[in-house]
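Take the chain from its overall plan down to single residues. Keep the structure open while reading.

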Amino acid sequence: MITEKNKKIFAEDADTLISEAMALFKGNRDLAERYSLIAHNILTSHSIKFGRRKLFVCKRCGHLLVPGYTANIRLINGKIKYKCLNCGKTISIVYDKRI
Ligand SMILES: [Zn+2]
């Protein structure tokens, strides 16, 4: 049974996998992609919200998003646009242009 406590544990596991994947990306890219796919499976199968994790793992295909390697980042009309180079999904985050 999935309770809030279990969801918190699954989210921590996914965070650990994502941080390990980001650390491994330069050395062993295949293992990093595998870690991010496992994290994506954990998050989607237990219907846990991505939140800030969507900046590191693509919500559609589960690949790791590393700027310059597997993702493009553009600043357009006050939004930061992340584009996954594997599937083409874009996410946008509003930023404050006054800074
Ligand atoms: Zn993708």
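This is a predicted model: local features need pLDDT of at least 70, side-chain atom pairs count only at pLDDT 80 or more; totals for chains, interfaces and linings use all residues.

The protein chain has 99 residues, and 17% of them count as buried. Its C-alpha trace spans about 45 × 30 × 25 Å along the principal axes. The secondary structure comes to two helices and three strands. Read from the N terminus, the elements run α-α-β-β-β. Among contacts with a separation of 6 or more, 38% join residues 24 or more positions apart.

Helix H1 covers residues 4-24, and helix H2 covers residues 29-45. Their axes come within 8 Å and cross at roughly 160 degrees. How do the two helices run relative to each other? An angle over 145 degrees counts as roughly antiparallel, so H1 and H2 are roughly antiparallel to each other. The crossing of H1 past H2 is left-handed. On the H1 side, the contact is made by Phe10, Asp13, Ala14, Leu17, Ile18, Glu20, Ala21 and Leu24. On the H2 side, the residues are Leu31, Ala32, Tyr35, Ser36, Ile38, Ala39, Ile42 and Leu43.

The largest nonpolar core holds 14 residues. Leu17, Ile18, Ala21, Ala39, Val57 and Leu65 touch the most other members. Which elements give two or more residues to this core? They are H1 and H2. In soluble globular proteins, nonpolar side chains tend to be buried together.

Ala71 belongs to strand E1, which covers 71-76.

The three strands form an open sheet in the order E1-E2-E3, with antiparallel pairing. E1 and strand E3 (90-94) stand at the edges. Each has a single partner strand, so one side of each is left without a neighbour in the sheet. From one strand to the next, the twist averages 20 degrees.

Take the pairs in turn. Ile73 has Tyr82 in E2 as its bridge partner. E1 and E2 form a hairpin with two residues between the strands.

The second pair, E2 and E3, is joined by five bridges and also runs antiparallel. Here Lys81 stands opposite Ser92 in E3. The hairpin of E2 and E3 has five residues between the strands. Within that hairpin, Gly88 takes a positive phi near 90 degrees.

Positive phi also turns up outside glycine. Asn77, in the loop between E1 and E2, has a positive phi of about 50 degrees although it is not a glycine. Is Asn77 buried or exposed? Asn77 has 8 C-beta neighbours inside 10 Å, so Asn77 counts as exposed.

Ser47 is another such residue. Ser47 lies in the loop between H2 and E1. The phi of Ser47 is positive, near 50 degrees, in a residue other than glycine. Ser47 is exposed, because 8 other C-beta atoms lie within 10 Å.

The loop between H2 and E1 also holds Ile48. How many other C-beta atoms lie within 10 Å of Ile48? There are 17, so Ile48 is partly exposed. Ile48 touches Lys7, Phe10, Ala11 and Leu43, not counting residues up to four places away in sequence. Lys7 is 41 residues from Ile48 along the chain, yet their C-alpha atoms are separated by 6.9 Å. Two of the residues touched by Ile48, Phe10 and Leu43, also take part in the contact of H1 and H2.

Terms used: Residues are numbered from 1 along each chain as its sequence is written. Helices (H or I, at least four residues) and strands (E, at least two) are DSSP runs, numbered from the N terminus. A residue is buried if 20 or more other C-beta atoms lie within 10 Å of its own, exposed if 12 or fewer, and partly exposed in between; C-beta atoms are placed from the backbone. Two residues are in contact if their C-beta atoms, placed from the backbone, lie within 7 Å. Two strands pair if DSSP finds at least two bridges between them. Axes are lines fitted to C-alpha atoms, for helices over the stretch in contact, and angles run from 0 to 180 degrees between N-to-C directions. A nonpolar core is a set of buried Ala, Val, Leu, Ile, Met, Phe, Trp, Tyr and Cys residues joined through C-beta atoms within 7 Å. Angles under 35 degrees count as roughly parallel, over 145 as roughly antiparallel, 65 to 115 as roughly perpendicular and the rest as oblique. A crossing is left-handed if the near helix is turned anticlockwise from the far one by less than a right angle, and right-handed if clockwise.
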